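Please look at the sequence and the structure before reading on.

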Amino acid sequence: MRRSAVNILVSAMLIVMSLQNVILAHHTYVTKYDPKKKITISGVIASVRYYNPHIHFTVSVPNRSGGETNWRVETESIQITRARGLTKAKLKVGRMVTIRGWRARSGGAEIGLNAIRFGRGGWIRVKSSPR
């Protein structure tokens, strides 16, 4: 009986430890993006990657020097993003988009997605705050 209780305890601890990265991943959004630095960019989707639990994509944006800057965009969870209308059919390489979101605290070319608009269409609001 005692050995069975120890096995259950060890199993429970292993499960909690294995979920640690998933749990922490959902709590790093606010530490990564600054709620005081909301910005808007427009450009062409250069790549899309579904990396559970979020979608990551890059947008190629013309810069002041005549070149392009690839902005990395991170979405809310895949399930929430799809439920709000941002589907795989819409998020395609080569599409013109306008992105609103919170700039990364690092100051790099990275945004936490608030809303997206394809061409001149309506906005799809994905996340209301970076929290």
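The report covers the fold, the strand pairing, the salt bridges and a charged surface patch.

**Overall fold**

The model is predicted. The protein chain holds 3 helices and 6 strands. Along the sequence, the elements come in the order α-α-β-β-β-α-β-β-β. The protein chain has 131 residues, and 34% of them count as buried.

**Strand pairing**

Start with strand β2, residues 54-62. β2 runs antiparallel to β3, and 8 bridges join the two. Within this pairing, V59 has W71 of β3 as its bridge partner. β2 and β3 form a hairpin, with 5 residues between the strands. G66 sits in the turn and has a positive phi of about 90°.

β3 also pairs with β5. Here the sense is parallel, over 3 bridges. E74 stands opposite G112 in β5.

**Salt bridges**

Side chains of opposite charge can pair when their charged atoms come close. How many salt bridges does a search of the whole structure find? The search finds 4.

| Pair | Closest N to O distance |
|---|---|
| K32 and E74 | 3.3 Å |
| E110 and K32 | 3.2 Å |

Take the K32 and E74 salt bridge. The pair links distant parts of the chain, 42 residues apart. K32 is in helix α2 (residues 29-32), while E74 is in strand β3 (residues 68-77). Are these side chains buried or exposed? K32 counts as partly exposed because its relative accessible area is 31%, between the cut-offs of 20% and 50%. E74 counts as buried because its relative accessible area is 7%, under the 20% cut-off.

K32 also forms a salt bridge with E110. E110 belongs to strand β5 (residues 110-118) and K32 to helix α2, so this pair too links distant parts of the chain, 78 residues apart. E110 has 14% relative accessibility and therefore counts as buried.

**Positive surface patch**

Which residues form the positive surface patch? The patch is made of K36, K37, R105 and R131. K37 is found in strand β1, residues 33-51. The relative accessible area of K37 is 42%, so K37 counts as partly exposed. That value also meets the patch requirement of over 30%.

**Recap**

Strand β3 pairs with β2 in the antiparallel sense and with β5 in the parallel sense. The positive patch includes K37, a residue of strand β1.

Technical notes: Residues numbered from 1 in each chain as written. Predicted model: local features only at pLDDT ≥ 70, side-chain atom pairs only at ≥ 80, totals over all residues. Heavy atoms only, no water. Patch = residues over 30% accessible without salt bridge, like charges linked within 9 Å, V, L, I, M, F, W, Y side chains within 5 Å. Areas by Shrake-Rupley, 256 points an atom, 1.4 Å probe, with all protein chains shown as cover. Salt bridge = Lys/Arg side-chain N within 4 Å of Asp/Glu carboxyl O. Lys, Arg positive; Asp, Glu negative; His and termini not counted. Charge placed at Lys NZ, Arg CZ, Asp CG, Glu CD. Helix = DSSP H or I, 4+ residues; strand = E, 2+ residues; numbered from the N terminus. Buried < 20%, exposed > 50% of the residue type's maximum accessible area, 1.4 Å probe, protein only. Pairing = 2+ DSSP bridges.
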